[in-house]
Amino acid sequence: MGHRSLMLLATLQVTVVVNGFHPSTPSNIAKIHRVCYEHVTSSSQSPSELHVSSEQEQQVSTGGSDDQAGQSAGHLATRDVSSETVHFNNKLITLSQNFDRNTAEKVEQRLLSALDYTLGDAPPHNDDEMSGVRPNVVSFTAVCNAWARSTLPNAATRAELILNKAMDLYRSGYTEARPNAFTFNAAITAWSRSRDKGAADNAVRLLDVMADFREETGEDDLQPNARCYNLAINAVARSRGNRCADKALALLNRMETLHDEGYPELVPDALTFGSIINAYANDRSDKRASDKAADLLQRMESMHQMGVPNCKPNTFVYNSCLNAFAKAGGPANAEKAGLFLEVMENLSIAEQDDSIKPDSISFSTVINAYANSGWRDAGEKVDVILEKMKMLDVTGDGTVSCNAISYTAAIKAWVNSAKVAARNCSEEEGNEEAEYIQKAKQRAWQILTECALLNLAGDRKCQPSNATYDLVKEVCMLAGDKQGIEEVEAVRRRIDAKSTKKRGDGGRNRRRRSRNSYS
């Protein structure tokens with residue numbers, strides 16, 4: 001076991017925690033179209049890269065016999081694919097890249113018109129655009145992708161309707177329409193992006209539909225892949241539904257079981273783990289949420305050490321785990337948060353790995369964990385972290401700087417420390433605790449002042465929020481300082497006036513630029 005695993009494990013224990021192929025054979029035509037499928041489902045490529053070349057169009061149109069083609073895995077149909085169909089699909093693929101409200105409907109209508117022309121449901125006429133076009137799975141996948149990128153409220157439902165139409169056509173004998181894993185991925189993507197009620201459940205349901213359809217057809221290109229499972233897991237984890245984190249974890253376990261049963265591609269990635277850990281951070285009903293988040297991080301690290309590169313924990317994943325500790329509250333979770341922050345710092349230095357380097361969110365989250373710890377000295381502990389953030393801001397690479405979130409969390413720590421002191425007041429310790437409350441008030445005021453001055457100097461990240469002001473007012477009330485409350489309101493008015501003036505100046509500048517553009 002490497003030093004990375006040992007370091008994390010020790011912390012967890014302490015906290016209890018297609019090239020070179022002949023183009024004319026049917027199997028290689030299938031390879032060409034598998035490349036098409038990958039292009040159709042890749043959002044990272046530009047539309048120009050998504051086209052099949054004219055040479056490939058010719059290759060596709062010069063395949064072998066229908067029987068041979070139908071036997072090859074991933075083949076689109078029992079007949080050759082015409083160059084007109086490839087050209088038609090290229091148009092659909094280009095259109096499907098748009099994220100807007102209107103394009104998906106147009107892409108779908110082009111597909112349905114071509115289907116009507118092909119199946120004879122449309123009256124015969126001379127249509128040069130549709131002549132020779134026979135829509136296939138690439139066409140249906142492009143339309144599903146268009147709906148996955150649509151901003152319309154019912155986009156996911158429309159994507160699934162297209163998927164269902166493709167399956168129905170296949171069952172009726174139109175074999176070119178048979179969807180594959182990429183088609184299902186597009187429909188699952190649509191549900192994962194949807195805000196409809198039950199969207200996450202629908203994404204999971206499509207995994208079962210895909211498994212049943214594979215059993216029905218016996219086709220290998222309907223095997224589940226990592227993308228479809230990762231999409232469904234992320235959708236469930238982000239749904240904020242009841243016990244959504246446990247449901248997402250159950251899907252992750254199902255994914256790993258299938259991997260062990262012979263599906264080597266089914267490997268989760270860092271985003272999947274991070275989304276489940278973050279779901280546990282937001283689950284206030286589960287008292288073991290923070291422990292489950294830490295267990296997932298350890299599991300992820302173990303997979304990475306066993307040679308799964310996509311499971312390497314990164315800053316996002318660690319921050320999600322820190323967030324789970326912070327929201328769970330209590331001294332034990334605050335201790336874990338501090339230790340995990342040390343792990344991040346030590347690993348990033350030891351391995352010279354910036355992908356795990358703590359950022360402003362990391363430090364601010366640990367400050368919040370200390371604020372929720374219930375410690376009497378939480379304020380003093382937070383001041384140490386704030387000073388470290390300032391030092392890193394001056395000497396570092398810009399990944400760490402104090403902002404309104406970190407300042408507000410620090411104020412919260414001092415306010416909560418004052419509350420602990422107020423509860424501890426007794427005849428013997430009354431003076432000492434009263435003095436501490438005054439100290440907490442003074443420190444909260446200093447932090448607010450520092451944050452406000454940075455904002456007035458032009459740092460927009462340091463604009464205090466309503467929570468910032470309210471926390472300082474709260475500790476002033478605890479200390480019996482009515483004048484302090486008035487001073488906090490004076491700071492609020494000063495910051496608000498500056499923000500209002502800046503917005504007004506911005507509007508005038510925009511109008512001035514607009515007038516100048518016509519002069």
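**Ground rules.** Residues are numbered from 1 along each chain as its sequence is written, and side-chain values use heavy atoms, without hydrogens or water. In this predicted model, local features need pLDDT of at least 70 and side-chain atom pairs pLDDT 80 or more, while totals for chains, interfaces and linings use all residues. Helices are DSSP runs (H or I, at least four residues), numbered from the N terminus.

**Entry 1: H10 and H11.** I looked up how H10 (residues 199-217) and H11 (residues 226-238) cross. Their axes come within 8 Å and cross at roughly 155°. Axes are lines fitted to C-alpha atoms over the stretch in contact, with angles from 0 to 180 degrees between N-to-C directions. That makes H10 roughly antiparallel to H11 (over 145 degrees; under 35 counts as roughly parallel). I then listed the contact (heavy atoms within 4.5 Å). H10 gives Ala200, Ala203, Val204, Leu207 and Met210, and H11 gives Cys228, Tyr229, Ala232, Ala235 and Val236.

**Entry 2: H7 and H9.** I checked H7 (residues 137-148) against H9 (residues 181-193). Their axes come within 8 Å and cross at roughly 10°. That makes H7 roughly parallel to H9. Among the residues that meet are Phe140 and Cys144 in H7 and Phe182 and Ala186 in H9.

**Entry 3: H12.** I noted that H12 (residues 244-260) has 17 residues. Which of its residues are buried (under 20% relative accessible area, 1.4 Å probe, protein chains only)? I found Cys244, Ala245, Ala248, Leu249, Leu251, Leu252, Met255, Glu256 and Leu258. They pack against H10, H11, H13 (270-281) and H14 (289-305). Glycine 262 follows H12, with a positive phi near 120°.

Terms used. Helix = DSSP H or I, 4+ residues; strand = E, 2+ residues; numbered from the N terminus. Parallel < 35°, antiparallel > 145°, perpendicular 65-115°, else oblique. Expected span 1.5 Å × (residues − 1). Buried < 20%, exposed > 50% of the residue type's maximum accessible area, 1.4 Å probe, protein only.
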